[in-house]
Amino acid sequence: MIATQLKIANRREVFRYMRTKYLRTGEDTSKAEIAKQIGISNPTLMKITDFFMQQGLLEAGEEVVLSVGRPSQMLKVKKDCMYSLGFLLEGIYLYMGVVDIFGSIVYKKILEVEPDMMTVKTQIKEHLVTELLREAGICKEKLVGIGIAMPVSYDMKSRTISNGRMVKIEKEIYIGNYLDEMEALYQVPIFFDNDANAECLGVNNARNLFDGGGDMLLFSLGTGIGAAVMLDGKLRRGFHERCGEIWPNVLNSMGELGPENTLENQISLWRVFEKNGMEYREGAKGMSPRIRTQIVEDIAKELAVAIHNANTLMDCKELVVCGQVIELLEEPFLEAVNRYLEEMMPLGKHPRVQVESPFCGIAGIAGQCIEYQVEKTLEG
């Protein structure tokens, strides 16, 4: 390893240790502790911490007597040194938030919108970014990135979106111009991704504190249905960047091999409300107890089958369900999904499904911006 690579690797290790410790314990760190835990010399550590101070990543904490002798100056990651914004469209709701250097959401809100991605992305560009910064009290100089997650397939190489019928995307569309315009307007990197991928990243970071991770299957269920796969702490995107796109799964080979017989058409909230004689907006705001119970059972059963089939192949440690369905159907839905999974796998080979709020997608997509800026700073 050449000297420059070693220098960056040491910086990365020191920063990772300090941030992870604070996330786990809420405590600051001394130079002596860092040197002992990481195994680097005091002169090298002094250069690293001085560099961090100059870059605004660290600040001095309190002086603490750790042992016999002079007080030791504690160090801490500067919480307000950088922020990123996240936007996630889920049905008729746009989830928005501000994320700090620890990947924590420091401000969040939900806006009711029309389920039209092209309209929403224009609103983000024209006024929602500015409004969110103002409401959160964040100065534009500390903004390091903007992340946008939508319920569509996204090809990072061609910068095209597709498969977004629930948000009025009927064909493949190039959005590179939009991303370039956003970057020029706000002078920060713009990250775009599929909503399930963003949610998977957010859940992994929260549970593993930016310190790697294991295997996870995440199912995002709202107006449509999607999934994401995490293997050895890395998001799996697939050869065609469509890993986790389970919405077109055909439920019955004996039936019609078309969109009417797909998983999404059977259990997306949009279709389920429609089958029960309700408009989506109406159903999202209120259901009778009878309709709620019926919807819980109908969606939980089919979703459990999809989870069972996927995890029989993947054998992941964690199973997570995210999306607006969790907000609407709450604990009875989770109980029903796990009950059906137990019936299909009586020996208990599946882990129990856990649930997360769609706001984890804000932490995921905005967290990507933070990590990008942190890495650039460490390489500086």
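## Cavities

A cavity is a set of grid points where a 1.4 Å probe fits but cannot get out, and its lining residues have an atom within 4 Å of a point. In this predicted model, three cavities of 30 Å³ or more are present.

## The largest cavity

The largest cavity holds about 200 Å³ of space. Its lining comprises 20 residues, and those nearest the centre are Pro 151, Asn 163, Gly 224, Ile 225 and Glu 264.

Two strands, E12 (216-221) and E13 (225-231), each contribute at least two residues to the lining of the largest cavity.

## The second largest cavity

In the second largest cavity there is about 80 Å³ of space. Among the residues that line the second largest cavity are Ser 153, Tyr 154, Asp 193 and Asn 194. Strand E8 (153-155) and strand E11 (190-194) are the elements that give two or more residues to this lining.

Other residues lining the second largest cavity include Asn 197, Ala 227, Arg 237 and the run Glu 241, Arg 242, Cys 243, Gly 244 and Glu 245. The lining of the second largest cavity divides into five charged, four polar and three nonpolar residues.

## A nonpolar surface patch

On the surface, Leu 231, Leu 313 and Met 314 make up a nonpolar patch, and their accessible area together is about 290 Å². Met 314 belongs to helix H10 (residues 289-314). Met 314 counts as partly exposed because its relative accessibility is 33%, a value between the 20% limit for buried and the 50% limit for exposed residues.

Key
Residues are numbered from 1 along each chain as its sequence is written. This is a predicted model: local features need pLDDT of at least 70, side-chain atom pairs count only at pLDDT 80 or more; totals for chains, interfaces and linings use all residues. Side-chain values use heavy atoms; hydrogens and water are left out. Patches are made of residues with over 30% relative accessible area and no salt bridge: like charges are joined within 9 Å, nonpolar side chains (Val, Leu, Ile, Met, Phe, Trp, Tyr) within 5 Å. Accessible areas come from the Shrake-Rupley method with a 1.4 Å probe; for residues, only the protein chains shown count as cover. A salt bridge is a side-chain nitrogen of Lys or Arg within 4 Å of a carboxyl oxygen of Asp or Glu. Helices (H or I, at least four residues) and strands (E, at least two) are DSSP runs, numbered from the N terminus. Buried means under 20% relative accessible area, exposed over 50%, partly exposed in between (1.4 Å probe, protein chains only). On a 1 Å grid over the protein atoms alone, a cavity is a set of points where a 1.4 Å probe fits but cannot get out, and a pocket is an open set with protein on both sides within 12 Å along at least five of seven lines; lining residues have an atom within 4 Å of a point. Grid points are joined across faces, edges and corners, and a volume is the space filled by probe spheres set on the points. Ala, Val, Leu, Ile, Met, Phe, Trp, Tyr, Cys and Pro count as nonpolar, Asp, Glu, Lys and Arg as charged, and the others, Gly among them, as polar.
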